[in-house]
Amino acid sequence: MIEAVPDAAATSAAADVFRIALGVEYKGSRYRGFQRQRDGVPSIQLSLENALSKVAGGHPVVLSCAGRTDALVHACAQVVHFDTPVDRSMHAWVMGANMNLPGDISVTWAKQMPKSFDARFSAMARRYRYVIYNDQIRPAHLAEEVTWNHRPLDVARMREAAKAFVGTHDFSAFRARQCQAKSPIKTIHHLELLENGRLVVIDVRANAFLHHMVRNFAGVLMTIGAGERPVEWAREVLESRVRRTGGVTAHPYGLYLVQVDYPEQFQLPERYLGPHFLSGLPDVRNYTS
């Protein structure tokens, strides 16, 4: 039985603190990841906190996020939350933040939430898309928003290989050495290969991801798609549980956080699946295959 969620306004007012959730999209090319850095170098979190603090009349804002994307990685549907004693309309949080943000970061929505909501710990699943531009000539446009692969890719072979990753497995062979996750065992709900012109898109949803996990999937699948390894190699790498068997980690430019799933009781706003230039793909929220 699911407990009823307390009314957001009543819960916040009682404590004189409001919990606000935001949807955020960004181009990560100029940033050393989402998380604020100790040396003050550009990060998504620092930019957002500075902008929101101005909307809050100088009150400091500290954010928690659904997923700490790496350096150069993008997001279409990052979710963050913060607590504040400052009463502003949701429109003011969105428009005020955007007025104070650089052009490669945008707040897309705001909603007042109950204190039980946590952008990270309330999330049930996360979804990424890895976008490959497959052509002999490197693209002059979107150069920092796609990963260029000059080798002709056989998408059918990539689809067949990707089946090995679906389900619950030990993904040690796909985690970075610096990964801090307590367990390498994760559940992949779907992993689909989509095509849109010269773009090949790896679309993957899981309960959680290891550090560099999607980029390591991409590296293995592109190697197989190029005919440099057999389809069976994907399962061999998985079952080895050894990172060095999986080859090179793919470049971060093509990676996007595109969806975070929460319990229905929170009723967060939904936008179309990104990135924007993939508007020709079907907007499928949950694959059933």
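**Values against cut-offs**

Student: Why does lysine 163 count as exposed?
Tutor: Its relative accessibility is 54%. Exposed means over 50% relative accessible area, buried under 20%, and partly exposed in between, with a 1.4 Å probe and protein chains only. Lysine 163 therefore counts as exposed.

Student: What are we looking at?
Tutor: This is a predicted model, in which local features need pLDDT of at least 70, side-chain atom pairs count only at pLDDT 80 or more, and totals for chains, interfaces and linings use all residues. Residues are numbered from 1 along each chain as its sequence is written, and side-chain values use heavy atoms, with hydrogens and water left out.

Student: Why does glutamate 160 count as partly exposed?
Tutor: Its value is 42%.

Student: What makes lysine 163 and glutamate 160 a salt bridge?
Tutor: Their N to O distance is 3.1 Å. A salt bridge needs a side-chain nitrogen of Lys or Arg within 4 Å of a carboxyl oxygen of Asp or Glu, so the pair qualifies. Elsewhere, salt bridges with shared partners join Lys27, Glu144 and Glu145 into one network.

Student: How many salt bridges does the structure hold?
Tutor: It holds 15. One of them pairs arginine 19 with aspartate 83, their closest N and O atoms being 2.7 Å apart. Arginine 19 sits in strand 1 and aspartate 83 in strand 3, 64 residues apart. Strands here are DSSP runs of E, at least two residues; helices are runs of H or I, at least four; both are numbered from the N terminus.

Student: Why does arginine 19 count as buried?
Tutor: Its relative accessibility is 12%, so it is under the 20% limit. Aspartate 83, at 33%, is partly exposed.

Student: How do you know that glutamate 25 and arginine 271 form a salt bridge?
Tutor: Their closest N and O atoms are 3.6 Å apart. Glutamate 25 is in strand 1 and arginine 271 in the segment after strand 10, so the bridge ties together parts 246 residues apart in sequence. Glutamate 25 is buried at 18%. Arginine 271 is partly exposed at 33%.

Student: What is in contact with proline 252, leaving aside neighbours within four places in sequence?
Tutor: Ala71, Leu72, Val73 and Arg215. Contact means heavy atoms within 4.5 Å.

Student: Where does the largest pocket lie?
Tutor: Domain 1 (18-113) and domain 2 (125-263) both give residues to its lining, so it lies between them. The domain bounds come from an automatic or database assignment.

Student: What makes a pocket, and which residues line one?
Tutor: On a 1 Å grid over the protein atoms alone, a pocket is an open set of points where a 1.4 Å probe fits, with protein on both sides within 12 Å along at least five of seven lines. Lining residues have an atom within 4 Å of a point. The largest pocket has 38 of them, with Gly67, Arg68, Arg120, Phe209 and His211 nearest its centre. Helix 5 gives the most, with 3 residues.
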